[in-house]
Amino acid sequence: MKKIIITLTSILTLLCSQVFAQSAEEKGLDIIEKSIALDNGFVDSTVVGKMILKDKSGNESIRSFKNFIFEELDETLGDKSIIVFTEPRDVKGTSLLTHANIEPKDDDQWLYLPALKRVKRISSSNRTGKFVSSEFSYEDLSTDEPEDYNFLWLEEINCPADQSLQCHVIEATPKNKKSGYSKRVIYIDVFELRYQTVKFHNRRGDLEKELNFKSYQKYLDKFWRADILEMKNLQTGKSTNITWENYEFQTNLSINDFNPEKLAKMAR
Amino acid sequence: MTNFFFILLCLLFISSYSKAELYSEHYGEIELSSTIFLMDIEGDNRKNFLNSTKVEYNYLFEIDNLTGKLKINVKESYPESRQNLDFNEAYLDYSLENSNILIGNNIVFWGKNEFFNPVDIVNSKDFSLGLASGEKIGQTMFNIKRYLSSSELDFYILPSIANIYPKSQVRSQQTLNIKSENTYSEGAKKENLGIGLRWSGYIDEYDYGLTFYKGNTKDPALNISSNQLVPNYSEITQIGIELQATQGDFLHKGEFINRSNQYNLDGNIDDYYGFIVGTEHTLYGLFEKNWDLSNIIEYSYDSRGSKSHHSNQNDLFYGARLVLNDIDDTQYFISLQNDLDKGTRAITFSYESRFYSHFKGGIDLYVPLNLEKDYHQSSFKDENNIKIFSSYAF
């Protein structure tokens, strides 16, 4: 009798562990969803960005801009954002409005050209295009939506950019065939679920770029934001660093501020 | 005098709002250019060069819901030896929750296409640096803007402002000088108040605009009188439609107008309709580099044919823009305009790039081909020119 009870208990334990164990895919998706969910509720934000572009010879060029983001609560829609350039001075006021959409629908984008006082709708189907000649593509700058990728949890190791932290290593394979990448390998720290490093593999599978997030700050006691983003193209030697300053949240931006008709006004 | 009062108004508002938090900034650009014409004009003494200096200064302030902007353009050129001071933008703009009220001088763009915008009618032009180099002049206006959910409705009251033509024989020019005094007929008056209306917005991947304008035309007839050309303005009514469909890498665009009471090429009043349609497509990552190549093809038509007052009456345009996406923002543009009535053509080429952080430089080339056969552009048949420019932004 005792043997039967022990045997039955063992079988039940084994069955339960089979039922409730996460697969590597599920674990990867779960971590990404939790990381994204931690950012829910910021409502809107504004920040000043300074982008330093370096070519392989070490020549530098600087782009400065303001970034406005409006959190879209409707889960069938993506967030809305406006980037207004302030430097170089000859492009001051040039602005890009993006209405992010869920895959497979392309984002809607409009460009404001201050010299002509013209708002022009542009094509956004090229996700691989470089954002203002930097090493960041438009795809790199868009928000990760869990539905857009297949995720696979790989392992837990020391974070490459900060060895004092432990990171989940998750492989993300884009579902969109127009993506510029075959996969991304994402390092997310275990405790705060913040992106620490992303490694980008091109369509041939070669490691092309590496992005490190540094100097995280916590805002409103909830929202983590990295002050520094360092993107390095490992194949060409070029790099782009973005420094974020003056983060502000819940600044009473309205969804109407993110319409193309208001772009000229937001660009001032 | 009008501009002086606007500046005074700005200062009065600033002083009355002095207790509120004021945000202000100023910025601008200085441009030096030299244009060399490669062929002499037979029979007259026009110079084969044009050197010009342009300074643009912008001052912007914001206090609560009130914004003021002052944009001054100063131009000096030789051999025109004309100093132009233009308050391109000098306005006060007050924001309400879903509306805006703007009073003052402003520049407005209507349209969707690239080579020619028949619906774009609010601003007059300054041709003092040559008839091929028209730049928009600030238009005095009272503008109410109402924001709707995905569209905007604009209403304008527009006092009449005439074009500015070159005083001396600056190239590119007509054979005769253009008189600086204007004449008005067919309902037009110097003190006319024009009305403009535009409803614009987007539905999914479609952008649209519906426009209406009634007031003095921006395209006067040039009548011969005492061996000079005299601008003669009529009062026109124009209805316009603009559309763009964005589909993947393609942008399909069109503008359509119906205009009444406009003088045609013969100096007769002639109602007409016209349009321009076209497509823009971009290839990304050319030759596995970061280069983007945009190809634009457009076709324009005017129901008056050879009697059209402008040169885009039955024309095919092709343009290609190559953007290198380098840290200097280098780009090249080449275009070809082909008049299908007479088979005449004109080619342009431009290059520009940034050097150091605040300087930009470039070259523009204009090459007319067999324009002597063109109804509208025969005066420009020998106007091959190359322009070199550099600018500093501060």
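Predicted model: local features only at pLDDT ≥ 70, side-chain atom pairs only at ≥ 80, totals over all residues.
Counting over all chains, the structure holds 1 disulfide. Are its cysteines buried or exposed? Take Cys159(A): its relative accessible area is 0%, under the 20% cut-off, so Cys159(A) is buried. Cys167(A) also counts as buried, at 0% relative accessibility.

Start with β15(B), residues 235-247. Its partner is β16(B), residues 250-263. They run antiparallel, and 11 bridges join them. For one residue pair to find on screen, go to Thr237(B): its bridge partner in β16(B) is Ser260(B). β15(B) and β16(B) make a hairpin with 2 residues between the strands. Look at Gly248(B) in that hairpin: its phi is positive, near 60°.

Next, the other partner. β16(B) also pairs with β17(B), residues 269-286. Again the strands run antiparallel, here with 12 bridges. Which residue of β17(B) stands opposite Leu251(B)? That is Glu280(B).

What lies between β16(B) and β17(B)? A hairpin turn, with 5 residues between the strands. Gly267(B) is in that turn, and its phi is positive too, about 85°.

In chain B, β16(B) is bridged to β15(B) and to β17(B).

How values were computed. Residues numbered from 1 in each chain as written. Chains lettered and ligands numbered in written order. Heavy atoms only, no water. Disulfide = S-S within 2.5 Å. Buried < 20%, exposed > 50% of the residue type's maximum accessible area, 1.4 Å probe, protein only. Pairing = 2+ DSSP bridges. Helix = DSSP H or I, 4+ residues; strand = E, 2+ residues; numbered from the N terminus.
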